[in-house]
Amino acid sequence: MYFVYILYSLKDKKLYVGQTDDLVARVKKHNSGQVISTKNRRPFIVIHQESFDTRVEAMEQEKYFKSLYSAKLKQKILKQYLQHARVAQLVEQLHGKE
C-alpha cells in the first residue's frame, strides 16, 4: 500500500505534499530533520492522507496535489483540518470542566 500525504508545518504554516509506502516512518523522518527539503520547517502534523494500491497511482495523486490547479483544494483540506482541530479542542475543554 502507498500513501500520499499532506503535512502542515507548525513553524511556517505552509503545506508539504509527499508519497511513501510507510507513512508513520516517513513522518518521523520529516519531524526528526532527516528530510533535507523539510528539515528547517519542523514540526509537522499530518492533515490529510490517501492510500493507493500502486506507487504509480500515489505518484499521480502527489503530482496533482503539487500542481497549481490543486492549490484551492489543499487550502480547503487545511481549513477543514483546522476547523476539526478547533472542535476537538472545545470538546476537550468542556470535558475538563466537568
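Predicted model: local features only at pLDDT ≥ 70, side-chain atom pairs only at ≥ 80, totals over all residues.
1. Start with the strands. Three of them form an open sheet in the order E2-E1-E3, and the pairing is antiparallel. Strand E2 (15-20) and strand E3 (44-52) are the edge strands, since each pairs on one side only. From one strand to the next, the twist averages 20°. Strands of a sheet pair through backbone hydrogen bonds, either parallel or antiparallel.

2. **E1 with E3.** Look at this pair next. Strand E1 (residues 2-9) is joined to E3 by 8 bridges, in the antiparallel sense.

3. Helix H1 (residues 23-32) lies across E1, E2 and E3. H1 runs at about 30° to E1. H2 also lies across E1, E2 and E3. Its direction is at about 170° to E2.

4. **Length of H2.** Helix H2 covers residues 55-66, which is 12 residues.

5. Which residues of H2 are buried? They are Ala 58, Gln 61, Glu 62 and Phe 65. These residues cover an arc of only 105° around the axis, so they sit on the same side of H2. An α-helix has 3.6 residues a turn, so residues three or four places apart point the same way. The face turned away from the buried side of H2 carries exposed residues: Val 56, Glu 60 and Lys 63.

How values were computed:
Residues numbered from 1 in each chain as written. Heavy atoms only, no water. Helix = DSSP H or I, 4+ residues; strand = E, 2+ residues; numbered from the N terminus. Expected span 1.5 Å × (residues − 1). Buried < 20%, exposed > 50% of the residue type's maximum accessible area, 1.4 Å probe, protein only. Arc of directions from axis to C-beta. Pairing = 2+ DSSP bridges. Axes fitted to C-alpha atoms, helices over the stretch in contact; angles between N-to-C directions. Contact = heavy atoms within 4.5 Å.
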